[in-house]
Amino acid sequence: MLVGILALALAAPAGVATARSGGGPPTAGDYLDQLVAMSPAPEYRRYGTAAMADVAEWAAGKLASAGYTVVGDDEATANRWAVDYSDGHKPMLTSAGKSFKTESAFDIGATGPAGITCTLKKIADVGKGDCGFVPFSDGSPEWKNVTYNAPADIAKIVQQGGVGAVVQGDTQRNLVYALRPKTTIPVVVSVVPDTIVGHKVTLRAMGSTVPATSHNVVGVLPPPPGSTQYIALTAHMDGWFQAAADNGGGAAAVLRAADILAAHHPGVGVFIALMDGEEYGLLGSQKMAARLARPTGVGGVHMADIKADVNLDASSARASDVQDNVKAVAGKDAPIFSWRAMVSSEEPTLASLFLTTFAAHGVLGLPVTSEVAKATIGGGSWRTDAQWFHQAGVPAAWPVAGYPEYHTDGDLPAAMDKADLEAVAAAAADLVGKLATAPIQRVPQQFR
């Protein structure tokens, strides 16, 4: 799965701000810090939550202050799984009197307050009344993990008569992660050793399906007179935990790029779309794309008016799996090392401008077409909000980084390199300006 994707990128070029000074405009890092501060545990800013609504309102205010016409888009989209974190109900795993760090999976069968007690066995050995053990090698959601198989493992546990599942967390980093197995049995993600297999455990995972409203935010900067064309800048705001890299950083970079574009208006309209529900199945962007296809459009903009989409989703992250080892020896990180793919639609002009513009800002990665991305990191789809634009014929560009804290409770601002994040924001704004006059064509039908 693209394990060869790596870039030894240069530091942010001169002229690209890496920190706010002298009361200047907020950087992408500043926006990230503000956004994460609005994402309190235990639900953080998961799809449809109160915190997600607060973040959307905050983002709308930032766009309005920059001069964008803001269009709200709050409506019921799909139900979500709400974990019960109340006292006596919160996720739990114990064995032989010892408790382990535990998080509930989502869209599962719930236990009662007492939980269930069972013998934990390897998947092949699970029988009726047992619980199955899914190793970290199968469970880690990080996209470089070529052996990810947790949903299929859990389905097999159910098929063999198992009554629960324990998915092993990241024992090296002491992290739990988000998992949506869509199953009928209770499932927890717990930081447990392999040696727990064969022992009795008690696990608790309580929650329920609740109605949810997605909170999308759109900002529109109109094109110059005589033009109806727009470039879209998209990102999702929701996340499983603090979600700094995925995708607080992407949303922050879009807001920073929006500020740059408002101050130096490109020769094209700018359509900013910050979405909710990406982690729950691209829900917000799917709804957005449907609205753009209607005669009324969104804020007067239609899908046919959008020339290209620049999508920032997990676009910048510190590669701790490499950097931690380097820092242990050298005392500091190597010059920005990242596992990054530069994914783009099959439109040659866009792909070329995407790579050269981002490289000029020190943002490097392996060029990947949408077809290759879908077959590898996407699991058959784009796995990001740009999918709906691409399928509608709008070519999209998406820089995406791989990092071990992906979808874990370790996805904190410390997992970010803020200089790289600022460079991503500056590159995105620069690319919007270059795409304004570029001869961009629609995505060929056979690639949609």
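This is a predicted model: local features need pLDDT of at least 70, side-chain atom pairs count only at pLDDT 80 or more; totals for chains, interfaces and linings use all residues.
Me: Why is the link of Cys118 and Cys131 called a disulfide?

Reply: A disulfide requires two cysteine sulfur atoms within 2.5 Å. A search of the whole structure finds 1 disulfide.

Me: Which hand does the link of Cys118 and Cys131 have, and what is the angle about its S-S bond?

Reply: The angle about the S-S bond is -95°, and the link is left-handed. As for accessibility, both Cys118 and Cys131 are buried; the term applies to a relative accessible area under 20%.

Me: Why are β5 and β6 called edge strands?

Reply: The open sheet has 8 strands in the order β5-β4-β11-β7-β8-β9-β10-β6, with mixed pairing. Strands β5 (98–99) and β6 (102–104) each pair on one side only, and they are the edge strands.

Me: How do you know that β8 and β9 pair, and in which sense?

Reply: Pairing requires at least two bridges between the strands. Strand β8 and strand β9 (residues 164–168) have 4 bridges, in the parallel sense, so they count as paired. Within β9, Val166 stands opposite Phe133.

Me: What touches β8, β9 and β10 (187–190)?

Reply: Helix α4 (residues 150–159) packs on the sheet and touches these strands, and its direction makes about 160° with that of β8.

Note on methods:
Residues are numbered from 1 along each chain as its sequence is written. Side-chain values use heavy atoms; hydrogens and water are left out. Buried means under 20% relative accessible area, exposed over 50%, partly exposed in between (1.4 Å probe, protein chains only). Helices (H or I, at least four residues) and strands (E, at least two) are DSSP runs, numbered from the N terminus. Contact means heavy atoms within 4.5 Å. Axes are lines fitted to C-alpha atoms, for helices over the stretch in contact, and angles run from 0 to 180 degrees between N-to-C directions.
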